[in-house]
Number of protein chains: 4
Amino acid sequence: MSNSFGELFRIMSFGESHGPCVGIMIDGCPAGLQLQAEDIQFEVDKRRPAAAAGQTARAEEDKVEILSGVFRGHTTGAPILLLAWNMDVRSDQYEKFRFFPRPGHADFTGYLKYGGFNDYRGGGRFSGRVTLGLVMAGAIAKKLLRLAGIEVLAHTVQIGEIEANASSTDDIRRNVYENPMRCADTAAVKKMSELIERFAKEGDSIGGVIEGLALNVPAGIGEPIFDSLEGQLANALFAIPAVKGVEFGAGFSAAKKRGSENNDQFIIKGDKVATVTNNAGGILGGISTGMPVVVRVAIKPTPSISRIQKTVNLKEMEGSELSIGGRHDVCIVPRAVVVVEAMLAVVLVDFALGERLITRVIK
Amino acid sequence: MSNSFGELFRIMSFGESHGPCVGIMIDGCPAGLQLQAEDIQFEVDKRRPAAAAGQTARAEEDKVEILSGVFRGHTTGAPILLLAWNMDVRSDQYEKFRFFPRPGHADFTGYLKYGGFNDYRGGGRFSGRVTLGLVMAGAIAKKLLRLAGIEVLAHTVQIGEIEANASSTDDIRRNVYENPMRCADTAAVKKMSELIERFAKEGDSIGGVIEGLALNVPAGIGEPIFDSLEGQLANALFAIPAVKGVEFGAGFSAAKKRGSENNDQFIIKGDKVATVTNNAGGILGGISTGMPVVVRVAIKPTPSISRIQKTVNLKEMEGSELSIGGRHDVCIVPRAVVVVEAMLAVVLVDFALGERLITRVIK
Amino acid sequence: MSNSFGELFRIMSFGESHGPCVGIMIDGCPAGLQLQAEDIQFEVDKRRPAAAAGQTARAEEDKVEILSGVFRGHTTGAPILLLAWNMDVRSDQYEKFRFFPRPGHADFTGYLKYGGFNDYRGGGRFSGRVTLGLVMAGAIAKKLLRLAGIEVLAHTVQIGEIEANASSTDDIRRNVYENPMRCADTAAVKKMSELIERFAKEGDSIGGVIEGLALNVPAGIGEPIFDSLEGQLANALFAIPAVKGVEFGAGFSAAKKRGSENNDQFIIKGDKVATVTNNAGGILGGISTGMPVVVRVAIKPTPSISRIQKTVNLKEMEGSELSIGGRHDVCIVPRAVVVVEAMLAVVLVDFALGERLITRVIK
Amino acid sequence: MSNSFGELFRIMSFGESHGPCVGIMIDGCPAGLQLQAEDIQFEVDKRRPAAAAGQTARAEEDKVEILSGVFRGHTTGAPILLLAWNMDVRSDQYEKFRFFPRPGHADFTGYLKYGGFNDYRGGGRFSGRVTLGLVMAGAIAKKLLRLAGIEVLAHTVQIGEIEANASSTDDIRRNVYENPMRCADTAAVKKMSELIERFAKEGDSIGGVIEGLALNVPAGIGEPIFDSLEGQLANALFAIPAVKGVEFGAGFSAAKKRGSENNDQFIIKGDKVATVTNNAGGILGGISTGMPVVVRVAIKPTPSISRIQKTVNLKEMEGSELSIGGRHDVCIVPRAVVVVEAMLAVVLVDFALGERLITRVIK
């Protein structure tokens with residue numbers, strides 16, 4: 001089953017870009033968590049495009065409603081149904097793409113998979129809009145993790161050729177949601193913005209890299225060999241449309257490293273075991289080491305571009321061309337930052353519940 | 001549950017490096033598949049170190065036994081239990097590491113997770129030796145995929161700084177198991193071997209990158225949004241010890257690409273839809289496009305090195321040092337090639353059974 | 001996870017008796033099924049109390065809404081979200097029971113399990129009202145089964161001491177929804193109605209037995225040993241509040257039978273293998289035999305009665321008493337008939353999809 | 001997947017009656033449990049036929065071997081592989097039944113399901129012999145439950161028309177494994193034995209009923225609505241070959257009861273909430289009440305009888321007859337008692353781990 005994720009904190013995604021609503025159902029949230037629609041709205045609002053060049057102008061309200069599982073301001077232990085109604089739905093424009101799949105989009109694979117019955121409007125089920133539900137789940141997951149002292153963060157570390165400089169945790173906390181690039185390195189923000197503006201003018205798009213962090217994850221979370229901390233995080237992160245790579249710690253750069261350089265040597269720090277470096281990204285043998293969990297995801301450039309591209313007419317099975325008009329994000333990276341946070345939180349809360357780390361909730 | 005994987009072709013890994021055996025149980029293999037121990041042995045033998053510099057000399061026989069689920073040379077539809085008895089078990093040497101976790105290994109996390117009850121000999125459950133079971137499962141998965149015309153391949157594309165040149169599919173088929181580097185680019189093999197020999201002398205180790213390919217995967221395999229083709233492959237590949245990154249198609253390089261460059265434009269090729277390029281690695285929206293599935297995994301350098309490293313004494317909670325003697329693979333990459341093939345096959349057969357692509361088996 | 005069921009046709013129940021809504025989410029419904037809200041409404045309406053003595057008068061509209069997964073009258077392959085808004089919610093009356101658990105209800109166990117955070121109004125998550133969602137899922141499952149020629153039926157066979165005479169399949173089809181007892185034996189209906197009327201006057205309640213049938217289930221559906229046809233049906237049927245027993249074919253009466261009497265001897269009937277008797281209830285070794293699947297469920301008497309009963313004050317931990325006023329079904333059996341049908345359909349469609357019996361849907 | 005069961009304590013059954021071995025794999029057993037082969041052997045030996053009339057004389061040794069997951073007398077947290085080699089395998093006699101399905105057995109459904117590739121010798125995968133693995137899992141589950149103070153018991157309460165009188169818990173503990181009927185009522189034992197002897201002479205067989213009990217299960221175990229305590233127990237119990245019905249507490253007799261009679265009224269007993277009666281069998285809303293969990297399973301008469309029965313020739317598709325010679329249990333009930341205990345234990349330990357009731361194990 002492809003729309004559910006998690007063992008103990010199980011999320012089930014539903015909704016389409018231009019259907020009545022998008023949302024998430026959560027089964028397994030412990031009873032007794034203080035929860036109001038505002039808590040979720042706060043996270044959902046982070047996903048909205050900041051007032052910057054090159055971001056989509058679709059003006060959804062994205063107002064979160066809680067339809068079950070919460071009673072008098074607390075979770076009840078029953079399934080929580082969260083949704084936002086789709087408001088700004090102008091679907092006519094998609095009619096013309098029905099049999100002309102947009103390159104880089106899932107139009108073609110969706111058409112094939114579902115025998116043409118898929119809701120193709122705005123990408124339907126494959127739209128970035130479904131991440132709204134993921135962010136809703138992330139909002140609850142973060143609240144739970146906070147009870148265990150675990151914090152998740154994410155930030156843009158690369159857009160196109162422009163790489164951000166390394167930032168302190170404090171800078172990440174402080175800066176990310178203060179700029180439209182969702183980047184902690186304020187010097188890089190300007191360059192990234194200029195780059196996006198340039199691509200917007202050229203009718204093109206650009207990719208990037210987001211780094212996710214989980215702090216204060218105690219050692220011992222996760223398990224070998226399947227559904228390891230890495231395996232589960234990767235599975236969850238690949239659910240975000242446009243993610244094409246996931247790496248932990250040194251990741252692909254570890255391929256060029258010597259063992260003597262890549263191994264994180266152990267030391268005693270305070271009353272705990274720590275490592276001098278963190279090339280492992282906080283994970284050894286699929287289990288957390290107690291060091292920060294560090295993951296990076298590669299985001300491909302937005303497939304929707306106004307430039308003319310080759311496509312095919314699926315009905316006539318002949319070559320064709322298209323140009324995608326309308327409003328599109330030149331770079332989806334900034335808006336995906338809160339989604340990466342959400343997926344990190346969702347995976348960690350699942351493991352944390354298994355380890356009974358979340359004890360301040362009543363049950 | 002961390003030792004099982006798959007929905008319809010479900011594998012369950014068991015065994016420790018220095019316990020009685022390692023193996024795999026498979027639930028969901030269709031009845032009627034011709035299967036003999038030799039079929040599995042053939043794949044398992046590919047995992048054995050080739051006679052080359054820098055490879056471990058542990059001389060296990062790794063003889064595969066079928067203990068259930070096969071009757072008169074055919075699968076019965078019942079669970080298949082496969083194992084190899086551990087022969088060459090000299091475990092005394094590991095006693096000294098019990099409370100001194102080896103950097104880069106899962107000794108520390110395993111100790112913590114299991115309260116010191118883990119079988120620490122040779123990494124126990126975290127040892128690369130458990131991949132023997134994965135290869136056994138892969139052998140059956142490949143046989144099934146062959147009935148659907150699907151082929152999986154893997155090859156070393158990078159060791160340390162040395163990158164192999166792009167190879168044709170035919171070269172991959174022909175060359176990989178003919179050289180100890182499991183590399184299709186015979187020119188690169190020499191340089192890789194020299195590099196490994198050098199690191200062996202220096203008592204150090206080195207990482208690399210393996211590329212996996214699945215050919216003739218029909219369009220329409222996989223599903224959004226969780227347990228997508230990418231998500232499931234990533235989850236399975238991170239089960240291989242030492243994998244720290246997974247990317248599809250252009251992967252992390254897509255972050256620097258423009259949409260106009262990264263989008264794979266559609267064309268008609270014969271009577272099918274194809275794409276001009278394959279930056280998507282054969283997957284859009286979590287579903288196969290019909291183009292080759294291309295995945296690359298980053299393998300970290302072997303953590304076992306003879307150089308002196310810092311560690312801690314877990315019993316006394318104080319700093320210490322260690323040097324890991326004995327035989328170790330300088331570079332695990334070549335031996336992991338068949339494991340990457342196996343995991344590719346296991347994931348694809350699960351999806352292929354769901355799509356009923358495997359029809360030549362009786363039931 | 002306790003609110004999901006099924007592997008390929010996965011249903012996820014949500015909602016509370018007095019919350020905003022009750023409903024079901026379905027993941028795995030094939031694309032291309034013609035589906036309108038009316039199809040589901042038709043089944044949901046069968047669950048409403050018929051105009052008879054002793055049935056609850058709560059006048060919900062129970063209007064079904066489709067919120068996702070259906071596009072232009074066909075399923076899309078995406079998750080289907082179905083719900084009905086709760087209208088007639090008078091929850092004040094439940095306030096007084098908060099710390100005084102009603103005997104036979106789940107008030108006590110729910111209170112304990114969820115640390116007092118459960119929505120206790122009207123039984124909340126434990127209310128029979130959640131079966132509304134199950135019936136919605138059943139409506140879709142039945143439509144799918146019809147494409148495979150499989151029919152599910154259910155009928156009241158016992159209320160209190162009154163047992164219905166055996167009925168033909170045609171009588172079951174014709175009579176069940178024509179009388180308030182949901183009983184195929186019209187002679188028994190009168191006696192059952194009188195019994196219920198009598199218990200209504202006495203402020204008491206009564207239990208009964210429902211028989212479910214699945215016709216034209218081809219031989220070979222199901223599997224040993226867990227999640228067998230019997231195991232899955234039982235698991236699903238015990239999800240219906242008030243079910244306390246499940247038996248197949250001869251069931252508990254088989255305990256008194258000789259082998260020579262209980263064994264269903266094989267014969268050739270037409271071009272198929274059949275059995276002379278059907279004491280196995282159409283299932284051998286957890287797999288369908290091709291004979292009708294026959295299951296019976298025991299329904300306990302409605303726990304809500306106006307008679308004075310002993311209870312405890314959970315806050316003060318002292319003995320107390322209560323009498324439950326208001327409107328209650330004297331016998332829940334008739335309203336549970338369509339729910340039994342639904343659960344039968346949901347389980348069978350899951351297996352049928354696995355066997356690819358449903359082929360007239362496009363994908 | 002049909003051969004696995006459980007979420008946190010996951011068991012995977014394998015092996016055939018006349019293959020190399022039968023056994024079980026367990027994933028999720030906590031690390032640190034003292035475990036030796038003898039612990040498991042003790043339970044397995046209870047499953048062997050007592051020296052009484054009408055029991056099969058097949059003299060397997062059924063010697064339990066631990067092949068993984070245990071290190072120096074303690075579980076490691078890794079998968080535990082347990083098996084017993086099949087010794088006394090005379091399979092020639094089964095050759096003649098290959099195309100002549102034995103009535104009441106799964107020969108026909110297995111043949112059909114697996115396209116004739118099933119191992120038909122001795123029922124193969126459908127044989128009662130696979131319960132050996134279940135008992136092995138039960139042995140570990142019981143050890144874990146004991147750490148939580150939970151005890152599981154089972155006893156024969158009916159064979160044919162002979163019903164045992166109600167027995168005290170102490171009598172069950174004391175008597176069951178002291179007589180070949182596995183019955184706590186010693187007066188009934190004699191009558192049951194005579195009955196079995198009579199049926200043995202007549203070449204016939206007989207069914208019965210087993211009652212299972214779980215004591216000291218704290219209130220709050222289980223969950224609505226699927227995978228409830230009742231649903232999971234039923235699913236597990238129907239995995240035992242020959243089980244055709246499962247009921248809790250008053251079960252089917254509740255159908256004839258009034259609410260005022262069937263409701264278990266609440267009282268304070270010591271410092272806990274208890275109920276005056278236990279018609280609910282210790283379960284309300286799928287959650288334990290703190291009262292004993294009481295379940296009864298109906299066991300059909302052994303299908304193997306020497307009397308001549310009608311069958312069909314599957315190859316020629318024509319009617320035929322057969323008589324099953326050899327040694328067979330006239331009544332399988334006594335041997336199934338320990339299997340019922342095992343399944344109770346396996347289900348409860350899964351829930352108990354979820355509730356973190358088992359804390360005396362290190363991890």
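An open sheet of 10 strands runs in the order β9(C)-β8(C)-β10(C)-β16(C)-β11(C)-β11(D)-β16(D)-β10(D)-β8(D)-β9(D), with antiparallel pairing. β9 (162-163) of chain C and β9 (162-163) of chain D stand at its edges. Each has a single partner strand, so one side of each is left without a neighbour in the sheet. The model is predicted.

**How chains C and D meet**

- Chain C gives 87 residues to the contact, and chain D gives 87 residues.
- On the side of chain C that touches chain D, 38 residues are nonpolar, 32 are polar and 17 are charged.
- A rotation of 180 degrees, with 0.0 Å of shift along its axis, superposes chain C on chain D. The RMSD is 0.0 Å.
- The two copies are thus related as by a two-fold rotation axis.
- Of the interface residues of chain C, 100% are also interface residues in chain D, so the copies meet through the same surface.
- Strand β11 (residues 243-248) of chain C and strand β11 (residues 243-248) of chain D run antiparallel and are joined by 3 bridges.

**Strand β16 of chain D**

- β16(D) spans residues 293-299 and is mostly covered, with 7 of its 7 residues buried.
- D:Val293, D:Val295, D:Val297 and D:Ile299 point one way from the strand. D:Val294, D:Arg296 and D:Ala298 point the other way.
- Strand β10 (residues 208-215) of chain D pairs with β16(D) in the antiparallel sense over 7 bridges.
- β11(D) also pairs with β16(D) in the antiparallel sense, over 5 bridges.

**Helices on the shared sheet**

- Helix α7 (residues 229-237) of chain D packs on the sheet. The helix touches β11 of chain C together with β11 and β16 of chain D.
- The direction of α7(D) makes about 160 degrees with that of β11(D).
- In chain C, helix α7 (residues 229-237) is mostly covered: 9 of its 9 residues are buried.
- Among the buried residues of α7(C) are C:Glu230, C:Gln232 and C:Asn235, as well as C:Leu229, C:Leu233 and C:Leu237.
- Helix α9 (residues 333-354) of chain D lies across β8 (151-159), β10 and β16 of chain D. α9(D) runs at about 145 degrees to β8(D).

**A sheet in chain B**

- Chain B holds an open sheet of 5 strands in the order β1-β2-β3-β7-β4, with antiparallel pairing.
- The edge strands are β1 (4-5) and β4 (64-68), and each pairs on one side only.
- β1(B) and strand β2 (residues 10-15) of chain B run antiparallel, joined by 2 bridges. B:Phe5 has B:Ile11 in β2(B) as its bridge partner.
- Helix α1 (residues 37-46) of chain B lies across β4 and β7 (80-85), running at about 140 degrees to β4(B).

**Backbone details to check**

- Most residues other than glycine have a negative phi, and most peptide bonds are trans. The residues below depart from that pattern in the model.
- C:Pro224 and C:Ile225 are joined by a cis peptide bond, with omega about -10 degrees. C:Ile225 sits in the loop between β10 (208-215) and α7 of chain C.
- The peptide bond from D:Pro224 to D:Ile225 is cis, with omega near -10 degrees. D:Ile225 is in the loop between β10 and α7 of chain D.
- A:Arg72 has a positive phi of about 50 degrees and is not a glycine. The residue lies in the loop between β5 (70-71) and β6 (74-75) of chain A. A:Arg72 is exposed, with 7 other C-beta atoms within 10 Å.
- D:Asp62 has a positive phi near 55 degrees. The residue is in the loop between α1 (37-46) and β4 (65-68) of chain D. D:Asp62 counts as buried, with 20 C-beta neighbours inside 10 Å.

Conventions: Residues numbered from 1 in each chain as written. Chains lettered and ligands numbered in written order. Predicted model: local features only at pLDDT ≥ 70, side-chain atom pairs only at ≥ 80, totals over all residues. Contact = placed C-beta atoms within 7 Å. Nonpolar A, V, L, I, M, F, W, Y, C, P; charged D, E, K, R; others polar. Pairing = 2+ DSSP bridges. Helix = DSSP H or I, 4+ residues; strand = E, 2+ residues; numbered from the N terminus. Buried ≥ 20, exposed ≤ 12 C-beta atoms within 10 Å, placed from the backbone. Axes fitted to C-alpha atoms, helices over the stretch in contact; angles between N-to-C directions. Least-squares fit on C-alpha atoms with pLDDT ≥ 70 in both.
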